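The sequence and the model are shown first, and selected parts are then described in turn.

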Amino acid sequence: MNMRNLWSGNLTTFAKAGSRSDPARQRWQDGPLWRTVPVVRRSFMRRRKVSGYLVALALVAGGLQASGQAPQQPSEIAVVISGDPGTPPRYAVPDFVAASPEAADAAKTITQVLFDDLAFEREFYLIPRDTYATIPAARTPDQVPFASWRELGADAVVFGSVSRTGNDVRVEVRLFNIRTQQSVFSKEYTGTAANPRLYAHTIADEIHQQQRALRGVARTKLAFSSDRNRERMVGTVENRDVKEVYMADYDGANPRRITTNRQLNLTPVWSPDARAIAYTSYRRGYPDLFVALIYDGVQQEPTKGGTQNWLPMYSPDGTRIVFTSNRDGNPELYVINRDGSGLRRITNHPAIDTTPTWSPTGTQIAFTSDRAGTPQIYIVGADGLNLRRLTTSESYADRPTWSPAPFNEIAFAARSGPGYDIKVYDLATGTTRQVTFGEGSNESPAYAPNGRHLAFTSTRAGRVQIFTIGRDGRGVKQVTRDGSNFTPSWSN
Amino acid sequence: MRGMITRASVVLVLLSLTAAAAGCARRQPPLAQPAPPGGPPPTTAPAPTPPPPTTEALPVPPEPIAIAEDGISARSIEDLNRDSPFKPAYFPLDSAELDDAGRAVVTANASVLRTYPAWMITVEGHCDERGTAEYNLALGERRAVAVKTYLLSLGIAGDRVRIVSYGKEFPFDPGHDERAWASNRRAHFVITSK
């Protein structure tokens, strides 16, 4: 197969992306398009029209396979754009061209979101957009002014165009290697104009995959608990704000309310297939587990009431849920199958055992216990055996969160001065490093599916808000701003 | 129903006792009543009349006690919880153990429960913001359990007491200082039926 022809030629895909804004009418759909690509693979589609949208995808399967595997093959040299030795490649993302005035808004949104998405993984250096002013705009791919971009020091430049017909848009995108003046990435997407950000997210994920063999997170979601709807609980004497479960894009855009029961709804967590959110709800007057199948409009109750259960966490294969329960008189850890069958008790100690998280293999569980007098992180086998203590130099540690592979570490919140900071315990070396440093109180860490980022809550901007940060402690970004927001979970 | 009857009979007994104590003066109260409420002031000038009836005020004080008990029984659950006969029990930082002050509060609350044997309560465990959101759900549970256990040791039936933890979700004092934290580390008694 001649890779160069593939990447410089007219490789065009027709992925029907985007969908209506109502989450109940949307679903993540595995389509044939993505079967050839090993890691991230979904497209946002209208359920009832899926089959109609997937025509002609087989034509490009070979090309996508190349996209997924290119970095491992010798011919990648022609595809991967590199920067100067020791520095990340410098990318320019000029305005996407709007083919008509109706496409202008979508073009503007896609440009800005793609810029942010490409910057997020910090694999590329994004040349600030306000320095592009002197560079002539290209209306077509063959007008790209390579010499001007080269003067600006760009290694790569994106060319994109957006056309719109009624509620449908067509987005064309190319990625040019400035040195070779070749198009190394060329795709076309058609779909609804309802959510233009999704085109940018998809492009960013595919560029990260092709150029860095990296699974980007631009199409992932955050779930969290929020009081942003400003409703008060009924039936209580004090003024008590309700908290509902919400989800949003990884950058906080497109927030959607998941629960509507006007009670406390806390600690949502994604199922590994990103189609369900398990959470703790007080809708019965006490904490119990509920599962929202968000694209089916179905609610499940794995623990079925009668006992108090909280802090669910899905096993990595999605078949089991570990949680805290006082059903035997004391907070202990239990595991049930996803359908509520097969209850097994994991811990048995008169102290508090709570806040469980699974190892990536599903064979171990990290959790918090005060059995030594203060809350500390422990690890136990999923069979309840081989308990060992992890944190020894913290005065208070909670919310362990096991990283996905290839990282082998556990993030947690550690008491630090008047508040908390996020720290990371490296399981290979037994060392702990700090991610936040006393800017507000920082709690509830949750890993991104590629392990490179953490979502957490912080009071650094006033009320409790959700932020994301690199696992190295760099690149902090505020994600939520409306109301107060708690206990994030990051979807696959 | 039975509770109401027993309370009514208690009131009757109290009334008859006070009446007996008042002795021969027992026909006087109706006359005594008009004076304190302030009937005279509007009628302006003649002030000299009040002095003699003051002696008749003695039989009246016992009655408000009986009325007060009746009043508590008659109030709605919402009113009772708004101005609760139960006091909250407070806890030290990071602790779910009742100290002497906490045990005294729970003991007093237990006697209220004995006075109103039909009442059912929920003990809510609350925490201050200095613990983490996740761990506080368990700590609040332990605080509620500590109070329930102590209530049971004082003879209160277990099926009258439910527990729930709200962690740090519902601070009573939204402040961020020692005083606010101390008032938020509490077991809060809520009447759920009567």
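## Helix α5 of chain A

Just after α5(A), A:Arg122 adopts a positive phi of about 55°. The model in which this residue is described is a predicted one.

Helix α5 itself covers residues 104-120 of chain A.

## Surroundings of the helix

Which residues of α5(A) are buried? They are A:Ala106, A:Ala107, A:Ile110, A:Thr111, A:Val113, A:Leu114, A:Phe115, A:Asp117, A:Leu118 and A:Phe120. In an α-helix there are 3.6 residues a turn, so residues three or four places apart point the same way.

The cover over the buried residues of α5(A) includes the strands β4 (90-92), β5 (97-98), β6 (125-126), β7 (156-165) and β8 (168-177) of chain A. Helix α7 (197-212) of chain A is also included in this cover.

## A four-stranded sheet

Chain A contains an open sheet of four strands in the order β29-β30-β31-β32, with antiparallel pairing. Its edge strands, β29 and β32 (477-478), each pair on one side only.

Between β29(A) and β30 (residues 453-458) of chain A, the antiparallel pairing runs over four bridges. Here A:Glu443 stands opposite A:Thr457 of β30(A).

## Contact between the chains

The contact takes 25 residues from chain A and 16 residues from chain B. On chain A, the strands that each supply at least two residues to the side touching chain B are β17 (309-314), β21 (353-358), β25 (397-402), β29 (442-447) and β33 (485-490). By class, this side of chain A has eleven nonpolar, nine polar and five charged residues.

Technical notes. Residues are numbered from 1 along each chain as its sequence is written. Chains are lettered from A and ligands numbered from 1 in the order in which they are written. This is a predicted model: local features need pLDDT of at least 70, side-chain atom pairs count only at pLDDT 80 or more; totals for chains, interfaces and linings use all residues. Two residues are in contact if their C-beta atoms, placed from the backbone, lie within 7 Å. Ala, Val, Leu, Ile, Met, Phe, Trp, Tyr, Cys and Pro count as nonpolar, Asp, Glu, Lys and Arg as charged, and the others, Gly among them, as polar. The expected span of a helix is 1.5 Å times one less than its number of residues. A residue is buried if 20 or more other C-beta atoms lie within 10 Å of its own, exposed if 12 or fewer, and partly exposed in between; C-beta atoms are placed from the backbone. Two strands pair if DSSP finds at least two bridges between them.
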